[in-house]
Amino acid sequence: SSSAASDVYKRQMLKDDRSQQFVENFTGQWLGLREINFTEPDKKLYPDFDELLKVSMLEETRLYFRRMLEKDLPIDQFIDSDWTFLNRRLALHYGIDGVKGHDFEMVSLPDDSVRGGVLTQASLLKVTANGTNTSPVLRGVWFLENFYGEPTPPPPPSVPGVEPDIRGTTTIRDQLEKHRDIESCASCHVKIDPPGFALEEFDVIGGHRDFYRSLGEGEHLKITKLYESDRNVQYRKGLPVDPSGTLPGGESFSGIGEFKKALLKERKQVARCLTKKLLTYALGRGMEFSDRAAIEAIVNEEKGFRDLIHRVVQSPVFREP
């Protein structure tokens, strides 16, 4: 039957060595992982960052993506899941016990874990921040363009940028309040800020946090996460992080967990965005208005991630570019 032939084709495609190249190249393009070396975390603020952690970040995302492909898992699990791949170094970073050695293994996440899905993986969180601080605006714009499929226009030239204060006297959220009072900014920030605020739960290197690290004001701290005994750090405990927000439709969330639950209701929009990204990767061009009908046909019939890719390569957009 045609269905059986299709399954054979899919299995043969996955066995091809080029499938791993696809995993690395597409995640590099879609999630921006090619930019993992673009910034170097400030050593005073992030002494817990090292080369092994960076390599481990990338490997988690690639293994996660490959399992989504091999098992034909639903698109929902790019948004949230109860599993991921970890080695000991990354598990320590995430605060998850029971993982040993440098080799990666599939891990069931604790019920109360903030991880799960792609948005909370350290690789993505690092490439959407600079080496010193995070910005809800930059992360919010990234989310809208790469996960939700809604590009945002550049800010008006007359509006100054927002710079987080690493001296610990004010938060980026406080500064953004002023932007939302500007009429020309408000219409975009109502979409940009909610995902950006949810992702504020994570720092420059993807660590979970409830306070900002400060080089000025704040309480002195020690860290034990990576060492056998306490070690003093140069940064201090700064102002608290507020990851709550309100979506454009009016639904409120208190943090990343509730944000992901709200996003699951929009899984078709995420599937639509992913379809566009796959076609852009395959064709080497952006999507046009004339492609909309084919994209909708793919999304409406999609059953899992591998099935989505199969439908992309069978679509008229791909076969008759």
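These legends describe close-up views of a predicted model. Residues are numbered from 1 along each chain as its sequence is written, and side-chain values use heavy atoms, with hydrogens and water left out. Local features need pLDDT of at least 70, side-chain atom pairs count only at pLDDT 80 or more, and totals for chains, interfaces and linings use all residues.

**View 1. Pro136 sits in helix α7.**
Helix α7 covers residues 136-146. Helices here are DSSP runs (H or I, at least four residues), numbered from the N terminus. Pro136 is buried, with a relative accessible area of 0%. Buried means under 20% relative accessible area, exposed over 50%, and partly exposed in between (1.4 Å probe, protein chains only). Gly196 lies 60 residues from Pro136 along the chain, yet their C-alpha atoms are separated by 3.7 Å.

Helix α12 spans residues 292-301. Its buried residues are Ala294, Ile295, Ile298 and Val299. They cover an arc of only 130° around the axis, so they lie on the same side of α12. The arc is taken from the directions from the helix axis to the C-beta atoms. Arg292, Ala293 and Asn300 are exposed, on the face turned away from the buried side. The cover over the buried residues includes α11 (267-283), α13 (305-314) and α14 (316-319).

**View 2. Helix α13 is mostly covered.**
Eight of the ten residues of α13 are buried. They are Phe305, Arg306, Asp307, Leu308, Ile309, His310, Val312 and Val313.

**View 3. The largest nonpolar core has 72 residues.**
A nonpolar core is a set of buried Ala, Val, Leu, Ile, Met, Phe, Trp, Tyr and Cys residues joined through side-chain atoms within 4.5 Å. Phe78, Phe147 and Phe305 have the most contacts inside this core. Helix α3 (residues 51-70) gives the largest share, seven residues. Leaving out residues up to four places away in sequence, Phe147 touches Trp30, Phe78, Ile79, Val118, Leu119, Trp142, Leu263, Val270 and Cys273. Contact means heavy atoms within 4.5 Å.

**View 4. Helices α2 and α11 pack together.**
Helix α2 covers residues 18-30. The two axes are 11 Å apart, at an angle of about 115°. That makes α2 roughly perpendicular to α11, a label for angles of 65 to 115 degrees. From α2, the contact uses Gln21, Phe22, Asn25, Phe26, Gln29 and Trp30. From α11, it uses Leu274, Lys277, Leu278, Thr280 and Tyr281.

Conventions. Helix = DSSP H or I, 4+ residues; strand = E, 2+ residues; numbered from the N terminus. Axes fitted to C-alpha atoms, helices over the stretch in contact; angles between N-to-C directions. Parallel < 35°, antiparallel > 145°, perpendicular 65-115°, else oblique.
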